[in-house]
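Let's walk through this model together, starting where two chains meet and ending inside one of them. Have the structure open as you read.

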Amino acid sequence: MSSKYYGEFGGQYVAETLMNTLAELERAFEDAIRDPKFWEEYHYYLREYVGRETPLYYAKRLSEKYGTKIYLKREDLNHTGAHKINNVIGQILLARRMGKTKVIAETGAGQHGVATATGAALFDMECKVYMGSEDIERQHLNVMRMEMLGAKVVSVQSGSNTLKDATNEAIRTWAKEAEDTFYVIGSAVGPHPYPRMVKEFQKCISIEAKRQFMEKEGRLPDVVMACVGGGSNSIGMFADFIDEPGVELIGVEAAGMGIETGKHASAMALGRPGVLHGMRSYLLQDDDGNVQLAHSISAGLDYPGVGPEHAYLRDSGRAQYVSVTDDEAMEALAELCRLEGIIPAIESAHALAYAFRKAKTMTKEQAIVLCLSGRGDKDAHTIESYFSGKGYMN
Amino acid sequence: MNRIEERLQQVKERGSKAFITYMTAGLPDMAGSAAILKAQAEAGIDVIELGIPFSDPVADGPVIQAASYRAIQKGANLKKIFEMVRQVRSEGCEVPIVFMMYFNTAMYYGLAAFAAKCAEVGVDGLIIPDLPYEEQPQMTKVLDETPGAPILIQLVTPASGDRIPMILENARGFVYCVSSMGVTGQEADFHRNVVSYLEQVKAVSKIPVMMGFGIRTAADVEPMKNTIDGCIVGSHFIRLMEESNYSTDVAKDYVRTFKAQMNGEKG
């Protein structure tokens, strides 16, 4: 039996209606991960369908400019354009094993929604994706993709009309329909066993990266970093390095317009522990204990909480969490486009921005491995309007 | 003895069924909310559930979500609701009061301070839908250490199955029997096996069994009347209040009619 907590974080703060559902899920998950056939199938789809393994690319021009080795783990090259599909394949295979015929998911930027719709099409399951009406507006391309893949996109109009509210609605629907419906959570959040499950299915990122780095450099990297919204790509990127004390782990949250403005999404910068979406973790809250709205130019980081294992890694000192603003992230994004010919997702650009800052404290021989969690196609409109507003892109 | 236990004991001795309503606190405003509470007490309500508005009410359907949102917009919060309870108690109102709230609200206030404040102002019970049995020790520990602290009311649902005996073992006050899967306010769309499920709960429960979720009129609970000890109306009552512009007369009339009909008297 695994513990439901990471230190004081995690747990199962859900309605009684869902407790037996979670117990059933936990049993099925524990059973699956002990079954070599399950892993065989998971890796088959990762290889043949998702296109793994993804390269660990040495970004030569960036490295030269910033004076330290920068390696990019190219999760942007996965089918559907981000790391999200790794976890979806795992969870949908588990859903099928449990005899469920329908899946539901929440989505913010739409990447997890697209990945779930993709997996549902692949495995012939009915799929409903909950998305805040605000996000439907700003991520129209992904809405179209989900619909083309046969999913029903449900517009959520409550609270802030974003990811947090879409998650609430997905939880409500799940409580009603759990008998035949599997809830595919995309981030390292939610009640136990979700955070553990998401980590298990995103771990492939760090397992590959560690081996690839070893092959190239014959040692472990000095710094491993990733952006953190709920924390799925970062927990996957950290997973296989957590027990390597020589490797510095850095999670980069979104500081939005600046922590001091209150318009940010850094749950761990000022947040205090709270309970939301079935877990106890750091949470942005107002003076009455209501959940505060997160702000970030990146829809995928626009979440007021953070996965419980990250909260634990922060408090235990194993990982360090920092934040960068919208402006810093957008500058880093432009830099990667021009120096390396890669258009990253705005989420991933947050990690890049901090890598540039961090590089200044490092030597030429040292190395950073950074998770480039997704590609920027989905953000084309946001990027265009940001730079045209600023007037420094042609 | 706790006010809830005392009142439900009296109801039982009379051979009647208990009636409980839920109202989001702070609507139409704090004063209006207190007036509705007192009007219901006058009309003979057995227990009042006061909903503490929260930004993310995941266990609630659209009616209570919207009410919760409006109440927050109007400035309702836990501190003001404590003051409201203190005020109505000081006016001699002794109706049992239960807070229906999400765990984060209590946690943010500080669990020990929260329990002490409840005891001080006269809150008799707590319903915390996102604090299932396994997560309760942190709360019950504090309640046990606080003299006069409220009772933590236990919820069971049609999906609880073999969890029911464990949940009810040390339960006090009443059992909140959720009648359907999902969230509040699904208009009499009870679970298909609702009667046998209620009988299962009744068989192991040492305390009164109250049915809630989706109930509008006494007729809705007629089929299971012999099994349950009473029922709870939430979303429908909120809608009535909204439609009548929070009329205390409508509140009184609804409580009197429901109670009379449920107990086989002339409405």
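Across the interface of chain B and chain A, the rule finds 2 salt bridges in this predicted model. One to look up is the pair B:Arg163 and A:Glu16, a salt bridge whose closest N and O atoms lie 2.9 Å apart.

Which elements of chain B give two or more residues to the side that touches chain A? They are helix 3 (62-73), helix 5 (103-109) and strand 6 (154-156) of chain B. Helix 5 of chain B gives the most, with 5 residues. Sorted by class, the side of chain B that touches chain A holds 18 nonpolar, 11 polar and 8 charged residues.

Now step back to the whole contact. Chain B brings 37 residues to it and chain A brings 35 residues. About 2,900 Å² is buried between chain B and chain A, and carbon and sulfur atoms give 48% of that area. On the chain B side, B:Asp56, B:Tyr108 and B:Glu135 supply 22% of the area that chain B buries against chain A, more than any other three residues.

Finally, turn to helix 9 of chain A, residues 194-202. Why is this helix largely enclosed by the rest of the structure? Because 8 of its 9 residues are buried, that is, under 20% relative accessible area. The buried residues of helix 9 of chain A include A:Tyr194, A:Met197 and A:Phe201, and A:Lys199 and A:Glu200 are also among them.

Technical notes:
Residues are numbered from 1 along each chain as its sequence is written. Chains are lettered from A and ligands numbered from 1 in the order in which they are written. This is a predicted model: local features need pLDDT of at least 70, side-chain atom pairs count only at pLDDT 80 or more; totals for chains, interfaces and linings use all residues. Side-chain values use heavy atoms; hydrogens and water are left out. Contact means heavy atoms within 4.5 Å. Buried area is the accessible area (1.4 Å probe) that two parts lose on being put together, summed over both. A salt bridge is a side-chain nitrogen of Lys or Arg within 4 Å of a carboxyl oxygen of Asp or Glu. Helices (H or I, at least four residues) and strands (E, at least two) are DSSP runs, numbered from the N terminus. Ala, Val, Leu, Ile, Met, Phe, Trp, Tyr, Cys and Pro count as nonpolar, Asp, Glu, Lys and Arg as charged, and the others, Gly among them, as polar. Buried means under 20% relative accessible area, exposed over 50%, partly exposed in between (1.4 Å probe, protein chains only).
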